[in-house]
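Please look over the sequence and the coordinates shown here before reading on. The report is meant to be read alongside them.

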Amino acid sequence: TVAFDDTVPNVIEALRLYRAYSTRFPASEFGTVVGSEVEFSLPTDLAVGMLGVPAFTGRLDLLVEIEQDKIEDLRRWNGRNLTGLTEPGVYILDHKTMGRKDRDVAKKFSNAFQFHAYQFAWDLLHPDKPVKGMIANCVVRHKELNDGSFFSVFVPPPTPVQIRALRGHLSDSYAIYLQRGAEFLKRSKCYDWGRECAHF
């Protein structure tokens, strides 16, 4: 039901990556899909009390319930980096594309605020069914896609220290927003992603 122009270079590239992705990461690999593009919004009291901001929203790429037999299969796949999967339950799945695979990509994801915030927010909204972790399924945009172009990273639920760091980051960002306004530009971040920011 989605219309798009498959003569546009970015669309052509997206379709190329998707075709290869779907052959290596089958739709059924994690078991039961709980939801796709799952939007969430913390009530104001939770957002303020737990994260120090008046609102916190997000959208989960995929929410899956993994059963024990699937865990064994996923842990056996060499290069998937899913040895942290130890028990059945609900997991958040995120999809990432990148120009290259950095040696420290697993460390970056394990310390990324997004991976901590999504798990923490889900648990606040669903204390009866907390997530067991978050998985990033990754595609490196190699010219010739091969098995090395695909990998996964498992990120366990955040620790109390990581939650305090997340709250501190969001609180500081909100304070800057209140003080400096929505147009404030942090010029020290112009090249943090390995290339010039699009807003430079």
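What follows covers confidence, the sheet and its helix, and the cysteines.

The model is a predicted one, and its mean pLDDT is 89, with 98% of the residues reaching 70 or more. Confidence is lowest in helix α3, residues 68–76, where the mean is 80, and highest in α5, where the mean is 96. Where pLDDT is low, predicted coordinates should not be read in detail.

The sheet is open and built from five strands in the order β1-β2-β3-β4-β5, with mixed pairing. Its edges are β1 (32–41) and β5 (150–155), each of which pairs on one side only, and the twist from one strand to the next averages 30°. Strands of a sheet pair through backbone hydrogen bonds, either parallel or antiparallel. Here β4, residues 131–140, pairs with β5 in the antiparallel sense over six bridges, and the bridge partner of I135 in β5 is F154. Helix α5 (residues 113–125) lies across β1, β2 (57–66), β3 (89–98), β4 and β5, and runs at about 145° to β4.

Turning to the cysteines, a search of the whole structure finds zero disulfides. For C190, the nearest cysteine sulfur is that of C197, 6.4 Å away, and C190 is in no disulfide; the cut-off for a disulfide is a pair of cysteine sulfur atoms within 2.5 Å.

| Residue | Relative accessible area | Class |
|---|---|---|
| C138 | 0% | buried |
| C190 | 11% | buried |

Terms used
Residues are numbered from 1 along each chain as its sequence is written. This is a predicted model: local features need pLDDT of at least 70, side-chain atom pairs count only at pLDDT 80 or more; totals for chains, interfaces and linings use all residues. Side-chain values use heavy atoms; hydrogens and water are left out. Two strands pair if DSSP finds at least two bridges between them. Helices (H or I, at least four residues) and strands (E, at least two) are DSSP runs, numbered from the N terminus. Axes are lines fitted to C-alpha atoms, for helices over the stretch in contact, and angles run from 0 to 180 degrees between N-to-C directions. Contact means heavy atoms within 4.5 Å. pLDDT is the predictor's confidence in each residue, from 0 to 100. Buried means under 20% relative accessible area, exposed over 50%, partly exposed in between (1.4 Å probe, protein chains only).
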